Amino acid sequence: QVQLVESGGGLVQAGDSLRLSCVNSARTFTGWFCQAPGKEREFVAAITRSGGNTYYADSVKGRFIISRDNAKATVYLQMNGLKTEDTAVYYCATTRLLNGDYENPRSYEYWGQGTHVTVSS
């Protein structure tokens, strides 16, 4: 399997910014998902292989920015204006071919172990 490694999570205060990183040597279509305690995994953002197209959940539009640097084989999630409700484990996922809805976790083949983001008030 393709190995994905997330990093950059931590404990921050509401209104702060944080940047998550996902190393993906396959440089394939990549998405970010989050899972809060007691809730199902939810789509956050996704980016195409070349970085030419990006997609966002309504809840993060205008606050988060997904980008990638294929020279570094890394996808980033810049999280601005963090809210307490953003608290969750954030997962990076990828697929060689997007066969379905990019918002559907089942569209992705490989997953990282997640990185914790805690936003306090």
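**Reading the strands and their neighbours**

Guide: Start at a turn. In the hairpin of β4 and β5, six residues lie between the strands, and G38 there takes a positive phi near 75 degrees. Helices (H or I, at least four residues) and strands (E, at least two) are DSSP runs, numbered from the N terminus. This is a predicted model: local features need pLDDT of at least 70, side-chain atom pairs count only at pLDDT 80 or more, and totals for chains, interfaces and linings use all residues. Residues are numbered from 1 along each chain as its sequence is written, and side-chain values use heavy atoms, with hydrogens and water left out.

Visitor: In what order do the strands of the open sheet run?

Guide: The general idea: strands of a sheet pair through backbone hydrogen bonds, either parallel or antiparallel. Two strands count as paired if DSSP finds at least two bridges between them. Here four strands make an open sheet, ordered β1-β3-β8-β7, with antiparallel pairing. From one strand to the next, the twist averages 15 degrees. Axes for such angles are lines fitted to C-alpha atoms, for helices over the stretch in contact, and angles run from 0 to 180 degrees between N-to-C directions.

Visitor: How many bridges join β1 to β3?

Guide: Four, and the two strands run antiparallel; β3 covers residues 18-24. For a landmark, find E6, which stands opposite C22 in β3.

Visitor: Which residue does the disulfide join to C22?

Guide: A disulfide is a covalent bond between the sulfur atoms of two cysteines. The cut-off is a pair of cysteine sulfur atoms within 2.5 Å. This structure holds one disulfide. C22 is joined to C92, with S to S at 1.9 Å. The angle about the S-S bond is -70 degrees, and the link of C22 and C92 is left-handed. Distant parts of the chain are linked: C22 sits in β3 and C92 in β9 (residues 88-95), 70 residues apart.

Visitor: Are C22 and C92 buried or exposed?

Guide: Both C22 and C92 are buried. Buried means under 20% relative accessible area, exposed over 50%, and partly exposed in between (1.4 Å probe, protein chains only). C34 is in no disulfide; the nearest cysteine sulfur, that of C92, is 14 Å away. C34 is also buried, at 13% relative accessible area.

Visitor: How many bridges does β4 make with β9?

Guide: β4 and β9 pair over seven bridges, in the antiparallel sense. β4 (residues 29-35) is mostly covered, with six of its seven residues buried. Five bridges join β4 to β5 (residues 42-47), again antiparallel.

Visitor: What does the side chain of T94 reach?

Guide: For a polar contact, look for a pair of N or O atoms within 3.5 Å; within protein, one must be able to donate a hydrogen and the other to accept it, and residues adjacent in sequence count only if both atoms are side-chain atoms. The side chain of T94 reaches the backbone oxygen of F29 at 2.8 Å. T94 lies in β9. T94 counts as buried because its relative accessible area is 1%. Contact means heavy atoms within 4.5 Å. Not counting residues up to four places away in sequence, T94 touches several residues, including L4, N24, Y108 and Y110.

Visitor: How many aromatic pairs does the structure hold?

Guide: Nine. Rings of Phe, Tyr and Trp (its six-membered ring) pair if their centres lie within 6.5 Å; planes under 30 degrees apart count as stacked, over 60 as edge-to-face and the rest as tilted. F29 and Y55 form a tilted pair, 6.4 Å centre to centre with 35 degrees between the planes. F29 is in β4 and Y55 in β6 (residues 54-56), 26 residues apart. F29 is buried at 9% relative accessibility, whereas Y55 is partly exposed at 24%.

Visitor: Why is the pair of F43 and Y102 tilted?

Guide: The ring centres of F43 and Y102 are 5.4 Å apart and the planes lie at 55 degrees, so the pair is tilted. F43 is in β5, and Y102 is in the loop between β9 and β10 (110-111), 59 residues apart. Ring pairs link F29, F33, F43, Y55, Y91, Y102, Y108 and W111 into a cluster.
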